[in-house]
Each structure stands twice: as structure tokens, then as C-alpha cells.
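Okay, thanks everyone. Let me put the model up and then we'll talk about pockets.

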Amino acid sequence: MAYMSEEGYKKLMAELKELETVERPKISAAIAEARDKGDLSENAEYDAAKEAQGMLEMRINKLKTVIADAKIIDESKLKTDSVQILNKVELKNVKNGMKMTYTIVSESEANLKEGKISVNTPIAQGLLGKKVGDIAEITVPQGKIALEVVNISI
């Protein structure tokens, strides 16, 4: 089960619709065009189009699986007494005092440039359930880091 915001769910639905109604027909047309060019055994365009079709179908199936397993979280019922999914968490690195803010989201909504980290990341896993003032000892690829929870908001 993948917990996500309503916004994230709508984005996935829009992407699925785009892939099924726009991209799938484009690839079918490309395959038909390549097939019309003759000998398929030495037709690189045909091979490329078939490979693109396979990749597209894999993406469509993955999206359908994520959407089927999705559980939309009612954001009005979110609490900020401890860290949970869809919370915005302000952190301070205990060692160097550097501050950072992350929003914990589902894997499909993660976007580091927007400060959204997947609930499956080591940092998010280490923060879940922590309260303001708690220090989370988190193992990351570079070693262990200590992060203090400064603020939790929605």
C-alpha cells in the first residue's frame, strides 16, 4: 500500500491518461510506419519502436499498480505532534548546525529539488514517530548523522 496526497494521486492519474491516450497511439503509429518500410529483420526503426513500446507498457503497468495500491491520506486529519507522512519537518544537523526542511511523501511524489523525500528513504524512516526536540540517529551512505527535529508542520 502506498500512502499519498490527493495531489500526488491526481498527478499519477494524469500521467497514466497521457501515456494511454497520447503516447501509446504515437508508438503504434511509429511501429506501423517502420513496418511499411519493408524487411523487419534489418529495420532499426522497427526495433527501436518496439523497444519504446515495451518501455511504455512497463511504465503504464507500474502506474496502474501504484494507483491500485494507493491510499489517499486525508490531509485535514494530519497531526503535527510527531513526524508522519505528509509532514513538513524542519531539521538541524547536530554536528554542524546546518538546517534543512523536508516534506515526507510517498515514493511516487518524491522530488528532492522541491524538498520532498520518499517515506522509504533512510532519513524519513529515521524521523517517523519523532517529536520536536528529539534527535534521530540516522545511518546514511556517508555514515551516521544526528538530526534534531526543530519543527513539524503540515
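This is a predicted model: local features need pLDDT of at least 70, side-chain atom pairs count only at pLDDT 80 or more; totals for chains, interfaces and linings use all residues.

Residues are numbered from 1 along each chain as its sequence is written, and side-chain values use heavy atoms, with hydrogens and water left out.

A pocket here is an open set of points on a 1 Å grid over the protein atoms alone, where a 1.4 Å probe fits, with protein on both sides within 12 Å along at least five of seven lines; lining residues have an atom within 4 Å of a point.

So, the largest pocket holds about 300 Å³, the volume being the space filled by probe spheres set on the points. It has 17 lining residues, and Ala2, Lys62, Val66, Glu107 and Ser108 sit closest to its centre. Helix H2 (44-69) gives the largest share, six residues; helices are DSSP runs of H or I, at least four residues. Domain 1 (1-70) and domain 2 (73-151) both contribute to that lining, so the pocket lies between them; the domain bounds come from an automatic or database assignment.

Now the second largest pocket, about 160 Å³. Helix H1 (residues 6-36) gives the most to its lining, five residues. Among the lining residues are Glu7, Lys11, Glu15, Ser108 and Glu114. Both domains give residues here too, so this pocket also lies between domain 1 and domain 2.

Methods: Helices (H or I, at least four residues) and strands (E, at least two) are DSSP runs, numbered from the N terminus.
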